[in-house]
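This briefing concerns one protein model. Please view its sequence and structure before reading on.

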Amino acid sequence: MRLHNIDDQKCLTPQLALSFLKEGNKRFVENLKSHSNLLEQVNETKENQFPFAIILSCIDSRTSAELIFDQGLGDIFSTRIAGNVLNEDIIGSMEFACKLAGSKLVVVLGHSHCGAITGACNGTKLGHLSNLLEKVNPSIEYVKSNHSDIDITSKEGIDMVAFHNVEYTINHILNKSEVLNDMYQNGEIGIVGAFYKVETGEVDFIKEMFVEKNVR
């Protein structure tokens, strides 16, 4: 959904922003792409950008947010890191997107068959990657505690950890950012957790957090 000016962006609600993503994924799954003229998009966005959402996703080559949500240039901010984990720089990027650039929605997007989550579940140690994978440990411990019958290194166990990692991350965004928490409490932004199935191209929206906007 192209927002052509700042007035379009200001009138947008977080709930409507989410509907753009849901409709876009439906188009993607049905192979009905609406964002194909990239040169036209370059010309439309050469002066300004008015993205409606920021999406935190994994670096996995199969999980490009622009593609799986059928969005064009200038529609979304895309933040990518292995395992879609949270750190201070990513929180700062979310604060920029929402407070300064006007985005209405923060999305954390996990996915099945995640290599980073697989590495974390298998206790992989490798240079700086080791510190990154440690951020998945709370979700590993959660699955071990609540699903003791599941092998944490199995496909089922890994996907369960990846799924919980999304919920863990969206809950911690508001705890770690006063800026985003204030915007959320005032109904200016929504926070959403989603899970992409690499087998089908479908996105499940697993947690949607909205507060009715305060009237001032």
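Which residues in helix 9 meet which residues in helix 10? Ile 173, Leu 174 and Lys 176 in helix 9 meet Glu 178, Leu 180, Asn 181 and Tyr 184 in helix 10, where contact means heavy atoms within 4.5 Å. The model is predicted: local features need pLDDT of at least 70, side-chain atom pairs count only at pLDDT 80 or more, and totals for chains, interfaces and linings use all residues. Residues are numbered from 1 along each chain as its sequence is written, and side-chain values use heavy atoms, with hydrogens and water left out.

- The contact of helix 9 with helix 10 comprises 4 nonpolar, 1 polar and 2 charged residues (Ala, Val, Leu, Ile, Met, Phe, Trp, Tyr, Cys and Pro count as nonpolar; Asp, Glu, Lys and Arg as charged; the others, Gly among them, as polar).
- The axes of helix 9 (residues 155–176) and helix 10 (residues 178–185) come within 5 Å and cross at roughly 105° (axes are lines fitted to C-alpha atoms, for helices over the stretch in contact, and angles run from 0 to 180 degrees between N-to-C directions).
- Helices (H or I, at least four residues) and strands (E, at least two) are DSSP runs, numbered from the N terminus.
- The two helices, helix 9 and helix 10, are therefore roughly perpendicular to each other (65 to 115 degrees).

- An open sheet of mixed pairing is formed by 5 strands in the order 2-1-3-4-5 (two strands pair if DSSP finds at least two bridges between them).
- Strand 2 (76–80) and strand 5 (203–209) are the edge strands, each pairing on one side only.
- Strand 4 (residues 190–196) and strand 5 run antiparallel and are joined by 6 bridges.
- Val 192 has Glu 208 in strand 5 as its bridge partner.

Notes. Parallel < 35°, antiparallel > 145°, perpendicular 65-115°, else oblique.
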